[in-house]
Amino acid sequence: MSDVERYIEKRKKQNLHFAKDYESGYQTFEFSVMLREARERAGVTQESIAKKLRTKKSAIFANRKPF
C-alpha cells in the first residue's frame with residue numbers, strides 16, 4: 001500500500017464525511033474517465049456529442065477529481 005493509500009484510509013476512518021465524499025467523488029471520476037475513453041475509441045468528439053444533445057461542449061467536458 002502506498003503512502004497516499006494509507007493516508008486516504010486513515011482519513012476515511014477518522015472522518016465519515018470524508019469517506020462518503022471520497023467514495024462518491026471517486027466513482028464519478030472513474031465513470032467520466034470510462035466515458036471519455038469510450039468516446040475516443042469510437043472516434044467521437046465532444047463537439048459532435050454537444051451538437052447532438054443541443055448543448056455546449058463545456059456541458060460535455062468533465063474534469064472531475066476524485067476528491
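**Helix packing and burial, term by term**

Student: Lys 12 has its place in helix 1. What counts as a helix here?

Tutor: A DSSP run of H or I with at least four residues; strands are E runs of at least two, and both are numbered from the N terminus. Keep in mind that this is a predicted model, where local features need pLDDT of at least 70, side-chain atom pairs count only at pLDDT 80 or more, and totals for chains, interfaces and linings use all residues. Residues are numbered from 1 along each chain as its sequence is written, and side-chain values use heavy atoms, with hydrogens and water left out.

Student: Why is Lys 12 called buried?

Tutor: Buried means under 20% relative accessible area, exposed means over 50%, and partly exposed is in between (1.4 Å probe, protein chains only). Lys 12 has 16%, so it counts as buried.

Student: Which residues does Lys 12 touch, leaving aside its neighbours within four places in sequence?

Tutor: Phe 18, Ala 19, Tyr 22 and Glu 23, where contact means heavy atoms within 4.5 Å. With Glu 23, eleven residues along the chain, the C-alpha separation is 9.5 Å.

Student: How do helix 1 and helix 2 pack, and what makes helix 1 oblique to helix 2?

Tutor: Helix 1 (residues 3-14) and helix 2 (residues 16-42) cross at about 125°, and their axes are 5 Å apart. That angle makes helix 1 oblique to helix 2: under 35 degrees is roughly parallel, over 145 roughly antiparallel, 65 to 115 roughly perpendicular, and the rest oblique. The axes are lines fitted to C-alpha atoms, for helices over the stretch in contact, with angles from 0 to 180 degrees between N-to-C directions.

Student: Which residues make that contact?

Tutor: Ile 8, Arg 11, Lys 12 and Gln 14 from helix 1 meet Leu 16, Phe 18, Ala 19, Tyr 22 and Glu 23 from helix 2. They divide into five nonpolar, one polar and three charged; Ala, Val, Leu, Ile, Met, Phe, Trp, Tyr, Cys and Pro count as nonpolar, Asp, Glu, Lys and Arg as charged, and the others, Gly among them, as polar.

Student: How do you know that the span of helix 2 agrees with its 27 residues?

Tutor: The expected span is 1.5 Å times one less than the number of residues. For helix 2 that gives 39 Å, and its end C-alpha atoms are 39 Å apart, so the two agree.

Student: Ser 32 and Thr 28 are both in helix 2. Why is Ser 32 called buried, and why is Thr 28 called partly exposed?

Tutor: Ser 32 has 14% relative accessibility, so it counts as buried. Thr 28 has 37%, so it is partly exposed.

Student: What covers the buried residues of helix 2?

Tutor: Helix 1 and helix 3 (46-53) are included in the cover.

Student: And what makes Arg 54 count as exposed?

Tutor: Its relative accessibility is 80%, so it counts as exposed. Arg 54 lies in the loop between helix 3 and helix 4 (57-60), and has a positive phi of about 55° although it is not a glycine.
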